[in-house]
Amino acid sequence: MSSPLTEVMAAELAASGIDETELNPADVQYVEHRIRDVLSGLKARRAWENHIGPILTHKQTLEVTGWTKQALSQAVREHRVLRLVAEDASTGYSVAGFDDNSPARPLPGVKDVLRVWSHADPRGWMVASWLMSEQPELGGRTPRQALLDGDRTPALELARQASDRVAA
């Protein structure tokens, strides 16, 4: 009985020109180790997505925004889009900084919030978590919701306080 995973593995072996019977014990151990790494990364990604929402790939971000690659790069440089950088240097994009429209656009005020956080969290994970965590100072709303509601000033002040604490 095959599963999608075994089918992918068989297809990758075939595409690489390696016959499954050619694998020696060291090869098998190497592959098993890499599979464990991938599954560990998948588990971590799912945990993060449960907290901060979906993490989009570069291609998915282009699709939901309708932007070009250059426009996305510029939006990241200008702190209008939250890019997340993983331990292995792979990147994704947090939906926390986008509105719910189609095409998606950066939240009003998110540029100022991301600029404030940039010195304290260059990889983006803390700010993504902060954007999606309820804050008592915002009446129990998340900073993302406060920005969606048009409450930029209180969200920005709270961002300053939180990023200063992290940077200290």
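User: How many salt bridges does the count come to?

Analyst: A salt bridge is a side-chain nitrogen of Lys or Arg within 4 Å of a carboxyl oxygen of Asp or Glu. By this rule the count comes to five salt bridges. This is a predicted model, in which local features need pLDDT of at least 70 and side-chain atom pairs count only at pLDDT 80 or more, whereas totals for chains, interfaces and linings use all residues. Residues are numbered from 1 along each chain as its sequence is written, and side-chain values use heavy atoms, with hydrogens and water left out.

User: Which parts of the chain does the pair of arginine 144 and aspartate 100 link?

Analyst: Helices (H or I, at least four residues) and strands (E, at least two) are DSSP runs, numbered from the N terminus. The side chains of arginine 144 and aspartate 100 meet at 2.8 Å, N to O. This pair links distant parts of the chain, with arginine 144 in helix H7 (residues 143-148) and aspartate 100 in the loop between strand E3 (91-94) and H5, 44 residues apart.

User: Is arginine 144 buried or exposed?

Analyst: Buried means under 20% relative accessible area, exposed over 50%, and partly exposed in between (1.4 Å probe, protein chains only). Arginine 144 is buried, at 11%, whereas aspartate 100 is exposed, at 63%.

User: What separates arginine 160 and glutamate 157 in helix H8?

Analyst: An α-helix has 3.6 residues a turn, so residues three or four places apart point the same way. In helix H8 (residues 152-167), arginine 160 and glutamate 157 are three residues apart, which means a separation of about one helical turn. Their side chains form a salt bridge at 3.8 Å, N to O. Arginine 160 is partly exposed at 38% relative accessibility, and glutamate 157 is partly exposed at 37%. Elsewhere, salt bridges that share partners join Arg141, Asp149 and Asp151 into one network.

User: How many aromatic pairs does the structure hold?

Analyst: A pair of aromatic rings is described by the distance of the centres and the angle of the planes. Rings of Phe, Tyr and Trp (its six-membered ring) pair if their centres lie within 6.5 Å; planes under 30 degrees apart count as stacked, over 60 as edge-to-face and the rest as tilted. The structure holds three aromatic pairs. One of them joins tryptophan 48 and tryptophan 125, tilted, with 4.9 Å between centres and 50 degrees between planes. Because tryptophan 48 lies in helix H2 (residues 25-52) and tryptophan 125 in helix H6 (residues 125-131), this pair ties together parts that are 77 residues apart in sequence. Tryptophan 48 is partly exposed at 31% relative accessibility, while tryptophan 125 is buried at 19%. The pair of tryptophan 117 and tryptophan 130 is also tilted, with centres 5.7 Å apart and planes at 50 degrees. Tryptophan 117 belongs to helix H5 (residues 110-117) and tryptophan 130 to helix H6, 13 residues apart. Tryptophan 117 is buried at 3%, and tryptophan 130 is buried at 8%.

User: Which residues is valine 127 in contact with, leaving aside its neighbours within four places in sequence?

Analyst: Contact means heavy atoms within 4.5 Å. With those neighbours left aside, valine 127 is in contact with Leu82, Leu114, Trp117 and Asp121. Valine 127 is found in helix H6 and is buried, with a relative accessible area of 2%.
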